[in-house]
Amino acid sequence: MDRRDWELEQEKRKIIQEEMITEMKKNKFIDDIKNGLGDKIKKEPNTVFKKPSLLTKIKKIFGWN
């Protein structure tokens, strides 16, 4: 029974960890919506927004678009 108790405890910890991660993702999404991402989504609802790469940022600084 000792091994089985240990396995149950590990599964409980995994479930708690997943719940915490889900809560963090939910809070991040809410913060993003509050900080203006919602306006972008309203203007262009079917657009996937990619994070600009370092090269893209450098080109933008020097105006090499």
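# Cut-offs applied to a predicted model

Reader: Why is lysine 26 called partly exposed?

Author: Lysine 26 has a relative accessible area of 43%. Buried means under 20%, exposed over 50%, and partly exposed in between (1.4 Å probe, protein chains only), so lysine 26 counts as partly exposed. The model is predicted, so local features need pLDDT of at least 70 and side-chain atom pairs pLDDT 80 or more, while totals for chains, interfaces and linings use all residues. Residues are numbered from 1 along each chain as its sequence is written, and side-chain values use heavy atoms, with hydrogens and water left out.

Reader: What makes the pair of glutamate 23 and lysine 26 a salt bridge?

Author: The closest N and O atoms of glutamate 23 and lysine 26 are 3.6 Å apart. A salt bridge requires a side-chain nitrogen of Lys or Arg within 4 Å of a carboxyl oxygen of Asp or Glu, and therefore the pair qualifies. The two residues are 3 apart in helix α1, which means a separation of about one helical turn. Glutamate 23, at 38% relative accessibility, is partly exposed.

Reader: How many salt bridges does the structure hold?

Author: The structure holds 4 salt bridges. Among them is that of glutamate 7 with arginine 3, at 3.4 Å from N to O. Glutamate 7 is partly exposed at 38%, whereas arginine 3 is exposed at 56%. Another joins glutamate 9 to arginine 13, with the closest N and O atoms 3.8 Å apart.

Reader: Why does threonine 22 count as exposed?

Author: The relative accessible area of threonine 22 is 51%, so the residue is classed as exposed. Threonine 22 belongs to helix α1, residues 2-43; helices are DSSP runs (H or I, at least four residues), numbered from the N terminus. A polar atom of the threonine 22 side chain lies 2.8 Å from the backbone oxygen of glutamate 18.

Reader: How do you know that helix α2 lies largely in the open?

Author: Helix α2 spans residues 54-62, and of its 9 residues the number buried is 0, so the helix lies largely in the open. Isoleucine 61 is placed in α2 and is exposed at 67% relative accessibility. Glycine 63 follows α2, with a positive phi near 75°.

Reader: Which residues make the nonpolar surface patch of about 620 Å²?

Author: The patch is made by Leu54, Ile58, Ile61, Phe62 and Trp64. Members of a nonpolar patch have over 30% relative accessible area and no salt bridge, and their side chains (Val, Leu, Ile, Met, Phe, Trp, Tyr) are joined within 5 Å.

Methods: Patches are made of residues with over 30% relative accessible area and no salt bridge: like charges are joined within 9 Å, nonpolar side chains (Val, Leu, Ile, Met, Phe, Trp, Tyr) within 5 Å. Accessible areas come from the Shrake-Rupley method with a 1.4 Å probe; for residues, only the protein chains shown count as cover. A polar contact is a pair of N or O atoms within 3.5 Å; within protein, one must be able to donate a hydrogen and the other to accept it, and residues adjacent in sequence count only if both atoms are side-chain atoms.
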